[in-house]
Amino acid sequence: MMKRLLMTTAAASLLAIGASAYAQDNTGATGQSQQPPVVTPAPATNESGGTTDMNNPASPPAAAPAPAAEAAPANPPPSDAVISAQSDGEVTADQIIGMTVYNAEGEKVGTVHDILLDKEGKATGVVLSVGGVLGVGAKSVGLTWKEIDVKPDQQQVQISYTKDQLEAAPDFKTTEQINSEMNAQQPAAAPPPAPAPAGGTSTNP
């Protein structure tokens, strides 16, 4: 009886030791499998939308070029050289050209066709268009500037000659017309003599 009790106690002790060892093995295995995974940090994103390696940071962006210096404004001509507005006593060429010309008796004798200027830009005379129908067949007559009286308010020019006097005056011609007439009057150059035929014949006495 005593012997059986000892054997039962010894068997229970062996079972307890085996269970303790098994529990330790399982605890070690479970600890190894439950270790937290290693998390690799994501690369940082820069302002331009690219990624930046934390170990190798990107170089800073190149600086923008400096804006070009603005050109200095140009200086205007001196005030005494500039005419900013037309005065009451001034008349433009466009206003005079096309004005109707009357004589002292109020007779319409023509229209202003053009204005003549000297090399200094001073008006020396006008060219009148006299006669014709709607400008066709009209005659050009030139008068000096002192012979006309410009009336801007009335949009007309007054002279002291009649229409018959103007039609009797010589035609006004421009330098181009004079040169063209001179070239037309020059005789045509005589053609050069024809060359003698090769291998001409000789006469024997």
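**A walk through the predicted chain**

Asp-164 sits in helix α3, which covers residues 163–168. Helices here are DSSP runs of H or I with at least four residues, strands are E runs of at least two, and both are numbered from the N terminus. The model is predicted, so local features need pLDDT of at least 70 and side-chain atom pairs count only at pLDDT 80 or more, while totals for chains, interfaces and linings use all residues. Residues are numbered from 1 along each chain as its sequence is written, and side-chain values use heavy atoms, leaving out hydrogens and water.

Asp-164 has a relative accessible area of 60% and is therefore exposed (exposed is over 50%, buried under 20%, partly exposed in between, with a 1.4 Å probe and protein chains only). On the surface, Asp-164 belongs to a patch of negative charge together with Glu-105, Glu-107 and Glu-167. Patch residues have over 30% relative accessible area and no salt bridge, and like charges are joined within 9 Å. A salt bridge would be a side-chain nitrogen of Lys or Arg within 4 Å of a carboxyl oxygen of Asp or Glu.

The protein chain as a whole has 4 helices and 8 strands, in the order α-β-β-α-β-β-β-β-β-β-α-α. Of its 205 residues, 12% count as buried. The accessible surface of the chain is about 17,300 Å², and carbon and sulfur atoms hold 57% of that; the areas come from the Shrake-Rupley method with a 1.4 Å probe.

One of the buried residues is Val-112, at 4% relative accessibility, in strand β4 (residues 108–117). Apart from neighbours within four places in sequence, Val-112 is in contact with Ile-96, Ile-97, Gly-98, Met-99, Val-101, Val-127, Leu-128 and Val-157, where contact means heavy atoms within 4.5 Å. Val-130 is 18 residues from Val-112 in sequence, and their C-alpha atoms are 9.0 Å apart. Across the protein chain, of the contacts between residues at least 6 apart in sequence, 36% join residues at least 24 apart.

The last stop is the stretch around strand β8. Gln-155 lies in the loop between β7 (149–151) and β8 (156–158). Its phi is near 55 degrees, a positive value in a residue other than glycine. Not counting residues up to four places away in sequence, Gln-156 touches Met-99, Thr-100, Tyr-102, Asp-149, Val-150 and Lys-151.

Definitions and conventions: Patches are made of residues with over 30% relative accessible area and no salt bridge: like charges are joined within 9 Å, nonpolar side chains (Val, Leu, Ile, Met, Phe, Trp, Tyr) within 5 Å. Lys and Arg count as positive and Asp and Glu as negative; His and the chain ends are not counted. The place of a charge is taken as NZ of Lys, CZ of Arg, CG of Asp or CD of Glu.
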